[in-house]
Amino acid sequence: MFHPNNMQLAIRIPTSPAQDSTQYMQVDQSDSSCVARNDTQNGGFAHAEYIFNFSKKLQEDLQTFGMKIKQHEDNIKFLKTQKSKLDESILDLQVILGKYNHSSGTPVAENEIHSHPQSDEETMQQIMQQEKSAAGIICKLSAHHSIQAYNIMLTKDVLGIVARLGKVDDDNLSRLLSEYLGMETMLAIVCRTYEGVKALEIYDKEGCINKSFGIHGLGASIGRNLDGRFLVICLEHLRPYVGDFIANDPQRRLDLIKPRLPNGECPPGFLGFAVNMIDIDSMHIFCLAANGYGLRETLFYSLFSRLQVYKTRADMLQALPCISDGALSLDGGIIKATGVFCLGNQEDVQLRFPKASMKSSLPENYIESARQIKELKWKKEKMIEDIKREHALLDNSKLNFDRKKAEFLKFLAESSSYAAQQQLSAKPERLTPR
């Protein structure tokens, strides 16, 4: 037999669908006096049964809406994750195809308006103009084969000068990367092993430089006395990148983890990593150093690390929480390191990376990569539409939830009022103790 006085109806209701779609509020109908006393007056039993059934229906409705809210939230989270993966794939392919130049509407630095791409020959001439530099002597040596043959033991381990070992398809980006590195680094000599470093400079017993040998002696023999310090980079002593490479990329670009904002999305305007925007001659891609690594994962990873490139300074500044190893923007903004900003006018950089030739800048699978980009962008557009649709369904479910919650609370209040009235009407019938 049904006993409303002893009935404990556990009604669970989500208190806030935006915070936790599975969180519920426990309601004790006995404590709230939501059930009338079990008597036969005024149809009390029938009304108590009605309260029980209707409360149960409201509970089920609220649980249904709560489950729908969670389902839509999970769908949105999944779609955003898939969209982020598409963004990464598109970025990788765009870097491979050299789509980071300003043919796509990217803003340019102020000095870029009056500049033109620098050829390899022009870059070499710029180096040779540094008459009292070690890099100028090395370039002079390579330009005169008779001198080179005479000093083959001195330079056999020298790979080249930083400014000539990489090429950049876009002149504005080339200027920015060259300014970021600075003239001293751009003129650095690159050696494969430490033996090559030692051959460049010889010391006497007192530890002083013997200017009759090494690159000092070579400079004196061609009328170029070496003055001041110069940088030499030893590949075998650099800590190389040891991660994965972008699949099917003949340039073997590094598969670096893309930056992520707190909401999990890639920062707007992010174009890629500087280390992947350098084109490298095929002879320098594989097994260049003694340890088997190529130039990208040794020299250029050491110089640029995870330096990020953005379209505009505004994009770069918005992404500050994601920047760990510096960043630059194509309109001239530079962040050297975390908390270190380069302000003022952009330098007029004369020595910069030469422009990549059309043959070397286009990968073998160029047409296939372009087709993949088009297909991925189409999938991204469809996914954005799916996300918008899920948001609309989520908003509708939340609206229905709030309406049902209001109906439930109103019902609880009315049931409580009815129970209170029933209790008051039952008091006169109680027997007075003798």
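This is a predicted model: local features need pLDDT of at least 70, side-chain atom pairs count only at pLDDT 80 or more; totals for chains, interfaces and linings use all residues.
1. Four elements, α3 (134-143), α5 (152-155), β3 (158-161) and α6 (162-165), each contribute at least two residues to the lining. Sorted by class, the lining comprises nine nonpolar, five polar and six charged residues.

2. Aromatic pairs, and Tyr241 with Phe245. The model contains seven aromatic pairs. In one of them, the ring centres of Tyr241 and Phe245 are 6.0 Å apart and the planes meet at 80 degrees; planes over 60 degrees apart count as edge-to-face, so this pair is edge-to-face. The two partners fall into separate burial classes: Tyr241 is buried at 7% relative accessible area, while Phe245 is partly exposed at 24%.

3. Phe300 with Phe304. Here the ring centres are 6.5 Å apart and the planes are at 10 degrees, so the pair is stacked.

4. A cluster of rings. Which residues do ring pairs link into a cluster? The members are Tyr180, Phe300, Phe304 and Phe353. The cluster thus takes in the stacked pair of Phe300 and Phe304. One member also has a charge over its ring: the charged end of Lys336 sits over the ring of Tyr180, 4.4 Å from the ring centre.

5. Arg252. The charged end of Arg252 sits over the ring of Phe245, 3.8 Å from the ring centre. Phe245 is also the edge-to-face partner of Tyr241. Arg252 is located in the loop between β5 (232-234) and β6 (270-273), and its relative accessible area of 22% makes it partly exposed. Its backbone deserves a look too: phi is positive, about 50 degrees, although the residue is not a glycine.

6. Ser305. Ser305 is another non-glycine residue with a positive phi, in this case near 50 degrees. Ser305 lies in the loop between α11 and β7 (308-310).

7. Helix α10. Is α10 largely enclosed or largely open? Six of its eight residues are buried, so the helix is largely enclosed by the rest of the structure. The buried residues are Gly214, Ile215, His216, Gly217, Leu218 and Gly219. After α10 comes Gly223, which has a positive phi near 80 degrees.

8. His216. This residue is part of helix α10 (residues 214-221). The His216 side chain makes a polar contact of 2.7 Å with the side chain of Glu201.

9. Is Ile257 buried or exposed? Its relative accessible area is 72%, which is over the 50% cut-off, so Ile257 is exposed. Along the sequence Ile257 and Glu88 are 169 residues apart, yet their C-alpha atoms are 8.9 Å apart in space.

10. Ile137 lies in helix α3, one of the elements that line the second largest pocket. At 0% relative accessibility, Ile137 is buried. Its C-alpha atom is separated by 8.3 Å from that of Leu226, which is 89 residues away along the chain.

Conventions: Residues are numbered from 1 along each chain as its sequence is written. Side-chain values use heavy atoms; hydrogens and water are left out. Ala, Val, Leu, Ile, Met, Phe, Trp, Tyr, Cys and Pro count as nonpolar, Asp, Glu, Lys and Arg as charged, and the others, Gly among them, as polar. Rings of Phe, Tyr and Trp (its six-membered ring) pair if their centres lie within 6.5 Å; planes under 30 degrees apart count as stacked, over 60 as edge-to-face and the rest as tilted. Buried means under 20% relative accessible area, exposed over 50%, partly exposed in between (1.4 Å probe, protein chains only). A charge sits over a ring if NZ of Lys or CZ of Arg is within 6 Å of the ring centre and within 35 degrees of the ring normal. A polar contact is a pair of N or O atoms within 3.5 Å; within protein, one must be able to donate a hydrogen and the other to accept it, and residues adjacent in sequence count only if both atoms are side-chain atoms.
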